[in-house]
Amino acid sequence: MQDKFMGMLGLAMRAGKLRSGEFGTEKSVKEGRARLVILAGDASDNTKKKFRNMCEYRSVPYCEHSTKAGLGSAIGKEERSSLSIEDEGFAIQMKRILEVNANVGRE
């Protein structure tokens, strides 16, 4: 499932439906384009708090996933602490993958 999620990140990047880095993600959220925000698990507490507050205020779903190196690698770039998915279809698919992962551990 981890590979499927990371593969979707790569597809979204190639389709031009992803913004990365703190500045790009913040701009995406503030412009109302973000459909899902992904934060690296090893991002700083300040970064996580900033994006959690921003997303909650604007009703944008967000999640923590992978590491900065993992997120960067998935999109063919250097380390990234935050990503924004700007396409509803990609966002829905990625949320489904995350839900399946969350439910696997509960059974």
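Two strands count as paired if DSSP finds at least two bridges between them. The legends below describe a predicted model.

**View 1. Strands β2 and β4 of the predicted model pair antiparallel.** Strand β2 covers residues 36-39 and strand β4 covers residues 82-85, with 4 bridges joining them. Leu-39 lies opposite Ser-82 of β4.

**View 2. Four strands form an open sheet in the order β1-β4-β2-β3.** The pairing within this sheet is mixed. Strands β1 (18-20) and β3 (62-64) are at the edges; each has a single partner strand, so one side of each lacks a neighbour in the sheet. From one strand to the next, the twist averages 20°.

**View 3. Helix α2 (residues 21-30) crosses helix α3 (residues 45-57) at roughly 15°.** The two axes come within 11 Å. Angles under 35 degrees count as roughly parallel, and α2 and α3 are therefore roughly parallel to each other. Their crossing is left-handed.

View 4. Helix α2 contributes Glu-22, Thr-25, Glu-26, Val-29 and Lys-30. From α3 come Thr-47, Lys-50, Phe-51 and Met-54. By class, the residues of this contact comprise 3 nonpolar, 2 polar and 4 charged.

Key:
Residues numbered from 1 in each chain as written. Predicted model: local features only at pLDDT ≥ 70, side-chain atom pairs only at ≥ 80, totals over all residues. Heavy atoms only, no water. Axes fitted to C-alpha atoms, helices over the stretch in contact; angles between N-to-C directions. Helix = DSSP H or I, 4+ residues; strand = E, 2+ residues; numbered from the N terminus. Parallel < 35°, antiparallel > 145°, perpendicular 65-115°, else oblique. Left-handed = near helix turned anticlockwise from the far one by under 90°. Contact = heavy atoms within 4.5 Å. Nonpolar A, V, L, I, M, F, W, Y, C, P; charged D, E, K, R; others polar.
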